[in-house]
Structure formats: structure tokens, C-alpha cells
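This report looks at selected side-chain and strand arrangements in one protein model. Please keep the sequence and the structure in view while reading.

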Amino acid sequence: MNYASIENIAKAFGERILFKDLSFGINQGQKIALIAKNGTGKTSLLNILSQAELPDEGKVVYRKDIKVAFLPQEPNLDPKLTVEQVVFTSDNEVLRIIEQYEKALNNPEDTDAYQKAFDLMEAKQAWDFETEYKQILSKLKLEDLHQSVSKLSGGQKKRLALATVLLDKPDLLILDEPTNHLDLEMIEWLEDFFKKQNFTLFMVTHDRYFLERVCNEIIELEDGQLYTYKGNYSYYLDKKEARVEVEKTNTDKAKQLYKKELDWMRRQPKARTTKSKSRIDDFADIKANAHKRRNEHEVQLELNMERMGNKIVELHKISKSFDGKVLLDQFNYNFQPGERLGIIGKNGTGKSTFLNILTGNLKADSGKITIGETVKFGYYTQKGIRIKEGQKVIEVIREFGEYIPLKKGKQISAAQLLERFLFDRKKQYDYVEKLSGGERKRLYLCTILIQNPNFLILDEPTNDLDIVTLNVLESFLLDYPGCLLVVSHDRYFMDKIVDHLFVFRGQGEVEDFPGNYSDFRAYDSSTSPVTEKTKANSKSDWKATTADTQLSYNEQKEFKRIEKDLPQLERKKENLQQEFLKELTEEQIKEKSIALQKIIDEIDQKTERWFELSAIMEGED
């Protein structure tokens, strides 16, 4: 069943054409994601679909009697209302019945009102929906129903708006970055919710695991063209790669044909027949195809940053509390050269506080921080860039630096860095106030990188960045030789970039986990508290080892040996990584790369075995 038809729509701002002649349909049960670069019109397209904005040309036709809901990036909520009042302003009849019932419960002396409300709940079978309503608010951490909207943070407002559209039970739900401002637990809950509920979805999101697990169709807007992929994110990557290869082949053929036709054009006689005129007309198309260029957006830089000494950052017994809430409690850690560390945890557990203490923007209640003399922080915060009226993109970045030094005396200029992060030469001379939200975040990132820090700290760097930019950023960070510390809810990004995690559990507890996010989820789900029903049946551990299994004498020896070996292997790995900062021959690089990979493989094997044996020991306890 067709829910919406988008017919030949176009949108432009002045001379800048975002898109034109776009046509596609949305059918019942589809879960569609739109992928495009920042600034190419994703938000405008969503606004047109939600009828918050009109297209310059074309039209959007909805099926009669379907309910459409829209979740924007910046929800417009009435600041005078409470959380509960916002929820109950929904058009959903069942929600209004629940509201009436909730009021009756708060006024037990009015028995008639209670009986009427109870009867309505029975008639509409609203009990299950009431349970779902409370679960959604609880999962999105909106327990204080009487809190005023004016007192909510930006993230809380986004979560409240999300809860409202979910409870409204629309036929078609349009979402703009639904996972922004959600912690990892909330995102995974939302994934499961969408799998179970019969929503038809059309969304823009940069969360690639969300795309993988929720969407069954992806539409890509590239160079004004729409490409449709009938599958999830993995399917999209495979088919796009195949499409790009075909385009490259066609471009190569077009170049050969262009060369042949160019020779003919130069030799052709002045007297032109009808046939030759037709061939001349075709020549313009051949030329355009032959000169097609694809930007691969790969960043491969050998950065020449200031070398770190043995002492980088040492944290000694750091403690911090706010209003009696403990965020850090006697925290100790020594950063090593080339460390790639991710930070995860629920909202409010102290992740950003930790970064601000580390960089000196906030003072710890107690403890000591020692920072090496050669350490140069680059700190990307969630606040973003300050816009100065009348300032151009290139002028912004040049305030922070003219170039980044590379190895062998080379350098990359501010303009070249901008190009690598998808600001072409024309875009570099646009005024900053004309940039989209995602483009401003991209520019802010460039202002951090141009300063060539050797200790890079990124607080939610993936928010508002499109998938193309994320691939560019990941390529850059994979080549980055300094220390890297990342707070992010983007699981795909974390899996690709970091080696181990700080898990902020709350109440000052910070766990150092030796693996990426997927490793942690596999481990954490296996060690989470079990229900009584699970206990009655069987306990599963990280490797499906039964709980009643006991460590043999040899396994006990193996466990102790692994605990002794792992720190030594980590030190070997760190020392070898430090060697790559020196000037090496090609042969030395190859030799050390092979040695490093062997150490990494051994660490992975021993870590996996350590988890197996630990799980068995927990079963013994």
C-alpha cells in the first residue's frame, strides 16, 4: 500500500540548487533511510515530506486518512507545559483516556470520575498501552513528569519529542537524526522497539549500526541523483561499490571515445552533413562523461606532530562530585603513547566532566594531574564553533593555523585540509552563516586539526555529521599517530577507531575494558544480572560455558599466566607503536608492522581466553 508519492520535487536557495526532479514513493512497512552529504538538502527534503516547507516545484501526495508524525533535530515544544502535558497533547485517543485515568487516580475521593475513567480504560483496552507509555518514558529517562519543558536540556527535549511521536502511533514516522542525544542503552532499546512495532519509517541518521539493524531500504542523494538500494547498510555498501566500479569503467570508455571523437573534430571538413552535425552534438555529452570525476574522500596523511616523551598524562586519585553525586572516585590512570581510548556510559555518569578535568577546564575536588611538557591537546567539544558575522570559511580556519606539517618536509595547507573534509574551493569562500549545522561541525573539526595536536580529544564528534564525512574522519583518525580519546554514542565509529574503553558505570565507578564496543556488549550482556527464570534453567557466559564447570589445575595455571602475560604484551605493543614515530625505511616499516600484528593477535587470543576462564570462575562463585 502506497503511503506517499514524491513527484518531481525541486528546492533551491538563490542560485544554489539543492535538488530537482526527485521522485520516489514510500510504501507501508518500509523502513527507509536517506543518505547524503551535509548541505545537499537532507533536512529540506524531510521538511518538505513533513509539510513544514513547500518545494519550489513538484508535489508530495499522501494517501487519505494516514497519520504522519515528524521528529525534527530541534523540536519546538511549548516551554510552559510539563513533560506530562506535552505527552498528553497527542492526537492519540487512548492517551487522552490514560490521562483521564491518571487524574482520577490522583483524586480518589471522586468515585464517579474514577469509575468512568476505569470503564473507558476497559472499553478501549488501554491497559497494555498504559504499560507501554510508561516503559517508553522510563527508557528515555523522562521519569519526572511534572518537570517544566523550560527546565529541560536540549537532549531531554529531543527525547521528549521522540517519546511523543512514538506514543502517537503514526502510520508514517519521519525522523531527523533520531539517535542524537540518546545514550547507547537508549539507542539499542529504540532499535528493538522499531523491529517489534509496525511503523513505516523515513529517516536521516548517521548511526550506521542503526541503519544496519532497522532499515530495509536506503536512498542515496548524490550529485542531484537518487540511487535506491533495497537492503540494509551492508547491502548498500556492497551495491554502491559495484555501482562506482561500473561508473569508473564507463568513464574510462568515455575517455577513449572522447579522444577518438576529438581527433575527428579536429580533422572534420568545414562542409557539415546532417550526420556530422549530429555527431558534433553528441560530442558535448561524450566530453562531459569523459571528464567525470569521483572524489574518493580518503585521507592519507603522515602527520609530523611534536613527539611525546615518556610522560604523557598521569591521573592520581582524581575525585569529583556535583550536588552529592559522585562522578569520579580516586581515579588513577597513566596514558601511553599512541593510545586509542573510547569512553562510553549513560548520560550523567561524568564523561564530559572527565574530559574537562583532563584538559584543565574544570578542577577536580581532589587528586593530581601531571601533563608531559610536549603534550598539546586538541579538544573538540559539543558546543561547536562560534560564528562571526561576515566571516568566510577559509578565514575561520586560518585564525587557528596556516598548515599542518607532514613527514619529509611536506605540509598540507588550510585550504587543502578543508578540501579533504569536503569543502571545495568555491565552498571555502562562502560565508559561515550560510553553512548547514553539519557543515559547521565539519569546519569546527578542521579548526582543531589544523593546530596539529598530539593528544586529540573528541566529545561526540559524529553528531550531525553525514556518513560521507564520517568515513573521511575515520580515515584521518586511523592514520593519526598521537593519543586519541573519544566520547561517542556511535557504535560503528567506536568499533573502528578505538582499542579499549573506559566504561562509566555511575557512582564514580569507571571500568577499563580491553576491547571495542562490540566486544564490550558481548561481554556485558553475558555478565549482566540474570532473572530467576534464567537461574532456574541455565547460566550462559561469554563463550556459552556452563556455570557448574570448574577450572582444572592446568586452567588455573593458564589463567594466572595470562594475567601476567597481558601487561607485558601491552608494553611491547606500546613500545613498538612508538618506533613508528621515528624515520624508518620501507623495509623497517614492513618488518615492524608484521611484528606489531603478531603482538596484537596474541593479545586478542589471550584476552578472549581470559574472558572464557573468568566466566567459568564466576560460575564457581
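## Terms and basis

A residue is called buried under 20% relative accessible area, exposed over 50%, and partly exposed in between, with a 1.4 Å probe and protein chains only. The model is predicted, and therefore local features need pLDDT of at least 70 and side-chain atom pairs count only at pLDDT 80 or more, while totals for chains, interfaces and linings use all residues. Residues are numbered from 1 along each chain as its sequence is written, and side-chain values use heavy atoms, with hydrogens and water left out.

## Aromatic pairs and charges over rings

Rings of Phe, Tyr and Trp (its six-membered ring) are paired if their centres lie within 6.5 Å, and planes under 30 degrees apart count as stacked, over 60 as edge-to-face and the rest as tilted. On this basis the whole structure contains 28 aromatic pairs. In one of them, Tyr209 and Tyr492 have ring centres 5.4 Å apart and planes at 65 degrees, so the pair is edge-to-face. Tyr209 belongs to helix H8 (residues 208–214) and Tyr492 to helix H16 (residues 491–497), so that distant parts of the chain, 283 residues apart, are linked; helices (H or I, at least four residues) and strands (E, at least two) are DSSP runs numbered from the N terminus. Tyr209 is buried at a relative accessible area of 16%, whereas Tyr492, at 22%, is partly exposed.

Tyr209 also has the charged end of Arg213 over its ring, 4.7 Å from the centre, where such a placement requires NZ of Lys or CZ of Arg within 6 Å of the ring centre and within 35 degrees of the ring normal. Arg243 lies over the face of Tyr227, 3.6 Å from the ring centre. Elsewhere, one aromatic cluster is formed by Phe331, Tyr333, Phe335, Phe354, Phe377, Phe455, Phe502 and Phe504.

## A buried lysine

Lys320 lies in strand S10 (residues 313–322) and is buried, with a relative accessible area of 8%. Leaving aside residues up to four places away in sequence, the residues that Lys320 touches include Leu328, Ile357, Leu362 and Asp365, contact meaning heavy atoms within 4.5 Å.

Strand S3 (residues 31–35) and strand S7 (residues 200–204) run parallel and are joined by three bridges, and Lys31 has Leu201 in S7 as its bridge partner.

Definitions and conventions:
Pairing = 2+ DSSP bridges.
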